[in-house]
Amino acid sequence: MSLKIVIFIGMNAVVFGASSGIGRELAIRLSQDGYRVKITGRREELLKKLCAEFPQLSYHTFDIQDLTAIESHFGQMIRDFGSIDLIVHCAGIGYENPNLIWEMESDTISTNVWSATKIYDLSFLLFKKQGFGHLVGISSIASLRGNRHSPAYFASKAFQVNYLESLYLKSKEIASGKVYVTDIRPGYVDTRMALGDAIFWMSPLNKAVRQIYRAIQCKRRQVYISKRWVLIAGVLKIVPSWLIKKIM
Ligand SMILES: NC(=O)c1ccc[n+]([C@@H]2O[C@H](COP(=O)([O-])OP(=O)(O)OC[C@H]3O[C@@H](n4cnc5c(N)ncnc54)[C@H](OP(=O)(O)O)[C@@H]3O)[C@@H](O)[C@H]2O)c1
């Protein structure tokens with residue numbers, strides 16, 4: 001009788017922006033599924049508390065607007081893990097900014113565009129070198145059109161969607177065929193970011209993260225969260241600007 005020895009090689013993941021909301025829940029789910037996970041954010045107390053609860057997690061505290069800090073922490077993560085299987089970019093901000101206060105627009109662009117691009121590129125180049133890996137970006141349904149209340153947020157999400165698509169197209173240059181790019185486009189999810197009362201079609205956080213995790217497992221190219229937002233996306237893609245101007 002032959003003796004089969006099965007060696008389990010653990011998977012390594014990084015979730016940027018996991019001190020709260022979608023990133024936090026996703027990190028917990030990954031750790032429960034056997035991943036070793038590095039989580040990031042600025043609110044150290046929250047990161048520390050989460051890591052104390054889930055031993056598969058470890059944290060890095062830094063502001064992602066500091067591009068040099070992103071590079072040095074990213075380097076440290078690779079040294080700690082050896083290789084990284086999954087990187088989720090979840091860090092983001094958005095403001096209602098009807099008066100176009102420059103600091104808010106600038107803050108949004110700095111976080112959602114500059115920092116996101118840095119993280120996307122570092123991830124993609126790492127995966128190219130490794131020959132495998134999965135980059136997941138959390139963009140938004142907001143990527144589909146402009147918005148008079150939050151111009152920078154909506155534009156930054158369109159940037160993310162197109163950048164992620166470019167990296168997906170670019171992955172054809174990687175011979176192994178084992179580098180994947182997923183664009184997650186949530187509608188409203190019940191986190192601190194979804195401000196306001198009686199928000200339309202708000203998904204409970206656990207439902208949204210369950211669907212996001214499933215999309216990651218299936219290595220989907222893009223997905224709307226929750227699923228019913230596909231209908232809204234279909235309408236948003238064809239409705240003329242003059243009509244949006246009239247009703248919103
Ligand atoms: N909730 C929704 O309805 C919704 C809808 C569509 C898309 N999204 C997208 O989903 C993503 C996650 O948002 P969420 O809803 O889970 O909100 P959240 O709870 O506010 O999470 C945002 C995360 O980003 C981190 N972050 C923000 N700015 C940062 C900075 N300068 N440096 C380091 N980390 C930073 C935050 O950490 P610290 O504050 O600790 O730094 C936090 O962990 C965002 O990209 C958002 O645009 C959300």
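Modeller: Start with a cut-off. A residue is buried if 20 or more other C-beta atoms lie within 10 Å of its own, exposed if 12 or fewer, and partly exposed in between. Tyrosine 168 has 18 C-beta neighbours inside 10 Å, so tyrosine 168 counts as partly exposed. Keep in mind that this is a predicted model.

Where does tyrosine 168 sit? It is found in helix H5, residues 151-170. Beyond its neighbours within four places in sequence, tyrosine 168 is in contact with Val181 and Arg221. Glycine 17 lies 151 residues away along the chain, and the two C-alpha atoms are separated by 22 Å.

Now the whole protein. Its secondary structure comes to eight helices and seven strands. The radius of gyration is 19 Å, close to the 18 Å that the globule rule gives for 248 residues, so the protein is as compact as a globular protein of that length. Along the principal axes, the C-alpha atoms fill a box of roughly 75 × 40 × 35 Å. Of the 248 residues, 38% count as buried. Take the contacts between residues at least 6 apart in sequence: 61% of them join residues at least 24 apart.

Next, the sheet. It is open and has seven strands, in the order E3-E2-E1-E4-E5-E6-E7, with parallel pairing. Strand E3 (57-61) and strand E7 (222-225) are the edges, and each pairs on one side only. From one strand to the next, the twist averages 15°. Strands of a sheet pair through backbone hydrogen bonds, either parallel or antiparallel.

Look at two of the pairs. Strand E4 (residues 86-89) and strand E5 (residues 133-138) run parallel and are joined by four bridges. Here valine 88 stands opposite valine 136 in E5. Helix H4 (residues 102-130) packs on the sheet. H4 touches strand E1 (12-16), E4, E5 and strand E6 (179-186). The direction of H4 makes about 165° with that of E5.

The other pair is E1 and E2. These two also pair in the parallel sense, over four bridges. Valine 15 stands opposite isoleucine 39 in E2. Is strand E2 enclosed or open? Five of the six residues of E2 (residues 36-41) are buried, so the strand is largely enclosed by the rest of the structure.

Which residues are closest to the ligand? They are Gly17, Gly21, Gly41, Arg42 and Gly92. In total, 28 residues surround the ligand. By class, this shell has twelve nonpolar, twelve polar and four charged residues. Helix H1 (residues 21-32) gives the most to the shell, with three residues.

Last, a loop. Threonine 191 is found between E6 and helix H6 (205-217). With 18 C-beta neighbours inside 10 Å, threonine 191 counts as partly exposed. Leaving aside neighbours within four places in sequence, threonine 191 is in contact with Ser20, Gly21, Ile22 and Leu205. Gly21 is also among the residues closest to the ligand. Histidine 89 is 102 residues from threonine 191 along the chain, and their C-alpha atoms are separated by 16 Å.

Notes: Residues numbered from 1 in each chain as written. Predicted model: local features only at pLDDT ≥ 70, side-chain atom pairs only at ≥ 80, totals over all residues. Rg over C-alpha atoms; globule rule 2.2 N^0.38 Å. Contact = placed C-beta atoms within 7 Å. Near = placed C-beta within 6 Å. Nonpolar A, V, L, I, M, F, W, Y, C, P; charged D, E, K, R; others polar. Pairing = 2+ DSSP bridges. Axes fitted to C-alpha atoms, helices over the stretch in contact; angles between N-to-C directions.
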